[in-house]
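Visitor: Please show the structure, so that its particulars may be discussed in order.

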Amino acid sequence: MLPWQAALAEKADRNKPMVVESDGKQAASVDLAKKLTVIVGNVTIAQGTLLIKAERVEVREPQPGVFTAVAFAPAGGAASFRQKRDVADQYVEGQAERIEYDGAAEKVHFIGNAQLRSLRGTEVADRANASTIVYDQRADTVVLAGGGTATPGLEQGRVRMIFSPQPASAPASGAAP
């Protein structure tokens with residue numbers, strides 16, 4: 001089990017509305033028959049503490065009230081993801097060329113030069129780089145896969161994980177030194 005798997009994503013986020021914003025000239029097109037909305041131009045998706053940023057996003061509603069989103073990075077850039085965990089002051093954040101978010105399955109796929117970080121407050125605790133990373137919030141797992149193009153500082157096909165030690169807890173007040 002990887003260190004960042006100690007707690008699930010913020011559960012309250014699931015029951016909040018998904019807010020999508022864009023600054024594009026023709027910001028969105030909606031296909032009601034296909035239940036597909038395409039948003040372009042510095043897009044942000046917020047749902048509670050969940051925040052996804054990208055150049056272009058496709059939102060689908062495969063079932064009434066169930067949404068999926070695919071976020072595409074700007075040319076030469078990365079789409080980003082951030083969400084609070086059900087642990088005080090801890091977050092998961094990541095970036096990739098494409099991020100696929102499935103709210104119903106509670107899975108986030110980071111595809112193409114993927115990076116995932118666990119934060120304690122503002123400090124990066126643990127991190128992983130791979131061609132593809134799947135963060136399964138419900139099962140509390142992270143799966144990394146190599147292959148594809150080389151990640152900066154990493155050979156093609158390699159996966160890298162860096163684990164930081166947990167800070168030692170201070171002794172409880174009144175405890176003997």
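The questions and answers below concern this structure.

Guide: This is a predicted model, in which local features need pLDDT of at least 70 and side-chain atom pairs count only at pLDDT 80 or more, while totals for chains, interfaces and linings use all residues. Residues are numbered from 1 along each chain as its sequence is written, and side-chain values use heavy atoms, with hydrogens and water left out.

Visitor: What is the mean pLDDT of the protein chain?

Guide: The pLDDT is the predictor's confidence in each residue, from 0 to 100. In the protein chain, 79% of the residues reach 70 or more. Over residues 170-177 the value is below 50, and that stretch has zero contacts (heavy atoms within 4.5 Å) beyond near neighbours in sequence. The mean pLDDT of the protein chain is 81.

Visitor: Which element of the protein chain has the highest mean pLDDT?

Guide: Helices (H or I, at least four residues) and strands (E, at least two) are DSSP runs, numbered from the N terminus. The protein chain has zero helices and twelve strands. Strand S12 (residues 160-163) has the lowest mean pLDDT, 71. The highest, 95, belongs to strand S8 (residues 98-102).

Visitor: Which residues form the aromatic pair?

Guide: Rings of Phe, Tyr and Trp (its six-membered ring) pair if their centres lie within 6.5 Å; planes under 30 degrees apart count as stacked, over 60 as edge-to-face and the rest as tilted. By this rule there is one aromatic pair. Its geometry is edge-to-face, with 5.7 Å centre to centre and 85° between the planes, and the partners are phenylalanine 81 and phenylalanine 110.

Visitor: Are phenylalanine 81 and phenylalanine 110 buried or exposed?

Guide: The pair links distant parts of the chain, with phenylalanine 81 in strand S6 (residues 79-84) and phenylalanine 110 in strand S9 (residues 107-120), 29 residues apart. Buried means under 20% relative accessible area, exposed over 50%, and partly exposed in between (1.4 Å probe, protein chains only). Both phenylalanine 81 and phenylalanine 110 are buried.

Visitor: What is the bridge partner of arginine 82 in S7?

Guide: Two strands pair if DSSP finds at least two bridges between them. Six bridges join S6 to strand S7 (residues 90-96), and the two run antiparallel. In S7, the bridge partner of arginine 82 is glutamate 93.
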